[in-house]
Structures are given as structure tokens and as C-alpha cells.
Amino acid sequence: MSPKSDGATVTTAPETEVEGVDNEAVTKNLVFVAAERLFALHGFQNVSVRDITAAAGVNLASVNYHFGSKDALLYEIFRRRTVELNRERAKKLHEAIDRHAGNPPVREILAALLTPPLKWLAPDHERRISLQFLIRARSEGTDEIRKVLQTDVTHLRRFSDALLKARPDLPSEEIYWRLHFTLGMLHNNRFAEFDRLNVLSEGATSEADVEALLNRMLAFAEAGFSA
């Protein structure tokens with residue numbers, strides 16, 4: 001029991017119970033982080049529940065206890081990282097809208113869309129492994145993930161609306177197609193594709209300079225909306 005300033009009392013959970021809750025949260029996070037890394041590096045089909053719990057250093061039953069199944073764990077990682085990424089994009093778009101009295105230019109709209117995932121790409125960024133995971137999710141995800149990728153356009157609607165406003169001279173159909181092509185450019189920049197480009201260019205290209213890569217992508221995408 002602990003006193004309150006008004007003389008009333010409140011009941012607190014026993015210390016052992018609080019510790020148990022904390023330990024469960026720690027275990028759940030260990031499983032989440034280990035699974036994300038293993039899925040990103042080795043692919044979904046090549047990682048077992050035993051692999052995940054061994055990497056996390058937890059009991060074999062932890063995946064089912066905290067997430068329900070391996071597929072449910074995979075979806076939770078996808079959901080959480082997608083929400084996080086799109087929140088960063090939305091924040092940058094809102095900032096651009098505020099800077100330009102509600103009507104930012106095309107380049108700043110595209111920058112809000114492309115900058116967060118490109119920043120995650122940086123070798124020293126804490127979300128680099130998360131980006132690798134999301135790239136794999138596009139091609140190796142479960143039916144539930146594929147359904148979300150095909151039908152959930154809520155996060156894209158704000159960008160298409162901003163682009164329609166920035167280029168009222170273009171037919172709306174053109175705006176949607178050009179946004180689609182821009183996203184295709186972004187999604188095709190997988191780690192393996194960078195290796196292939198490096199071979200093709202005989203070492204002249206490198207994705208290590210993320211700022212330079214972002215500027216190249218923005219210039220390319222902006223030109224697509226200027227034509």
C-alpha cells in the first residue's frame with residue numbers, strides 16, 4: 001500500500017509480479033529483434049522458430065507464447081516497421097506542407113517519400129536491418145503481408161494528393177502512374193541490385209554515400225514529374 005497526497009491509498013502490484021511483467025517484455029523484445037535480423041539476412045523460409053529462440057537466448061516456446069506463431073511474428077515485425085517508416089514520411093511531408101503554405105513543390109514531396117527509407121539504408125543507421133527485412137517482405141512475405149502491400153494505400157494517399165495539387169496541369173492518371181514508377185525505382189534498389197550495378201559499372205558506383213544516392217533518385221523522380 002502507498003499513501004496518496006489526499007490521504008487515500010492505492011494498491012500496487014507485488015514486486016515479483018512487476019518483475020515478471022518486465023521480464024516478459026524483455027523476452028518479447030529479444031525475440032522480435034532476433035527474428036527481424038535472421039529474417040532479413042537469411043529469408044523467411046530459411047529461419048526456424050528454434051533458430052529465433054536460440055539467437056534470442058530464450059525458451060523455445062517464447063515465439064508462440066508472445067506472438068502466436070512464426071507467421072504472426074513475421075507480420076508483427078512488418079507492421080511495426082512499416083508504421084514507423086510511414087510515420088517518418090508523413091512527418092516530413094507535413095513539414096514541407098507547412099513550409100510552403102499548403103502547396104510544396106514536387107521535389108519536396110518526393111523527398112518526404114524517399115528520404116526515410118534511404119536514410120535507413122546508411123551502413124551505420126540503426127534501422128538498416130529493418131530496411132533489409134522490409135525489402136524481403138515485399139517478395140517473401142506471407143499472404144497477409146502481400147494483401148496489405150496490395151490494398152493498403154492510406155500512407156500513399158497523402159502523397160498522391162500533394163502531387164495532384166503541385167501539378168494541377170497533369171491529368172490525375174499521369175500523377176498516379178508517375179508515383180507508381182517512382183515507387184518502383186525505390187523498391188528495386190535492393191542490396192543485391194547494388195552489387196550488380198557495381199559489377200556493371202566496374203566499381204564506379206557505390207551506395208555508401210546515401211546523400212548522393214538520394215539526390216540522384218530525387219533528380220530522376222522529379223524529372224519524371226516535369227515531363
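**Pockets of the predicted model**

The largest share of the lining of the second largest pocket, six residues, is supplied by α10, a helix being a DSSP run of H or I of at least four residues, numbered from the N terminus. The structure is a predicted model, in which local features need pLDDT of at least 70, side-chain atom pairs count only at pLDDT 80 or more, and totals for chains, interfaces and linings use all residues. Residues are numbered from 1 along each chain as its sequence is written, and side-chain values use heavy atoms, with hydrogens and water left out.

A pocket is an open set of points on a 1 Å grid over the protein atoms alone, where a 1.4 Å probe fits and protein lies on both sides within 12 Å along at least five of seven lines, and its lining residues have an atom within 4 Å of a point. The second largest pocket is lined by 17 residues, with N189, F194, L197, T205 and L213 nearest its centre; α10 (191-200) and α11 each supply at least two residues of this lining. Its volume, the space filled by probe spheres set on the points, is about 430 Å³.

The largest pocket has a volume of about 960 Å³ and a lining of 39 residues, of which R89, R138, H155, L156 and H187 lie nearest its centre. The largest share of this lining, 10 residues, comes from α4, while the helices that each supply at least two residues include α4 (70-99), α8 (154-166) and α11 (210-226).
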